[in-house]
Amino acid sequence: MSDLFIIFISTCLVNNLALNHLLGLPPGIALSRKIDIGVGLAATMILVLTVTTAVTFPINRLLLIPLDLEYLEPAVLLLIITLTLTCLKLALKHLRPAWHEKIGVFIPLTYINSAVMGTALLVSAHDYGF
């Protein structure tokens, strides 16, 4: 009976989506002691995830998969994410200085955040649509 209980608990933990995909959680926990910082980080992550997913999805579907270069996907996605974040930071600085002052300081944190790369890889791995 105890073996059955251990199998049940381990199955629940292994197949738990929230525990398997803890993307972007450590910076959020570390910086969320103040509401302003947590809101700024959340707004930055929403903006960055939206823009990078919109940029990386077509490149993956129209370039890497047709040319059978899927093994280069992590390196190409990392390069695209870095370029996209750099362009996004410059665009915010010039087009929306008020936004840049509020959330621009959090963009460098998204360079090392697992949520951006993880989302791009999950979208391509599970064959989600745009």
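The protein exposes about 8800 Å² of surface, of which carbon and sulfur atoms supply 72%; accessible areas were computed by the Shrake-Rupley method with a 1.4 Å probe, and for residues only the protein chains shown count as cover. The structure is a predicted model, in which local features need pLDDT of at least 70 and side-chain atom pairs count only at pLDDT 80 or more, whereas totals for chains, interfaces and linings use all residues. Residues are numbered from 1 along each chain as its sequence is written, and side-chain values use heavy atoms, with hydrogens and water left out.

The protein contains 8 helices and 0 strands, helices being DSSP runs of H or I with at least four residues and strands runs of E with at least two, numbered from the N terminus. Of its 130 residues, 25% count as buried, a term that denotes under 20% relative accessible area, with exposed denoting over 50% and partly exposed the range in between (1.4 Å probe, protein chains only). Among contacts (heavy atoms within 4.5 Å) between residues at least 6 apart in sequence, 73% join residues at least 24 apart.

Leaving aside neighbours within four places in sequence, Ile 81 is in contact with Thr 52, Thr 56, Val 116, Met 117 and Ala 120. Thr 84, which also lies in helix H5, is buried because its relative accessible area is 10%, and, with residues up to four places away in sequence not counted, Thr 84 touches Val 51, Thr 52 and Val 55.

On the surface, Phe 5, Ile 6, Phe 8 and Ile 9 form a nonpolar patch with about 430 Å² of accessible area together. Such a patch is made of residues with over 30% relative accessible area and no salt bridge, nonpolar side chains (Val, Leu, Ile, Met, Phe, Trp, Tyr) being joined within 5 Å and like charges within 9 Å; a salt bridge is a side-chain nitrogen of Lys or Arg within 4 Å of a carboxyl oxygen of Asp or Glu. Phe 8 is placed in helix H1 (residues 2-14) and counts as exposed because its relative accessibility is 51%.

Asp 68, found in the loop between H4 and H5, has a positive phi near 55°. Most residues other than glycine have a negative phi. Asp 68 is exposed, with a relative accessible area of 56%.
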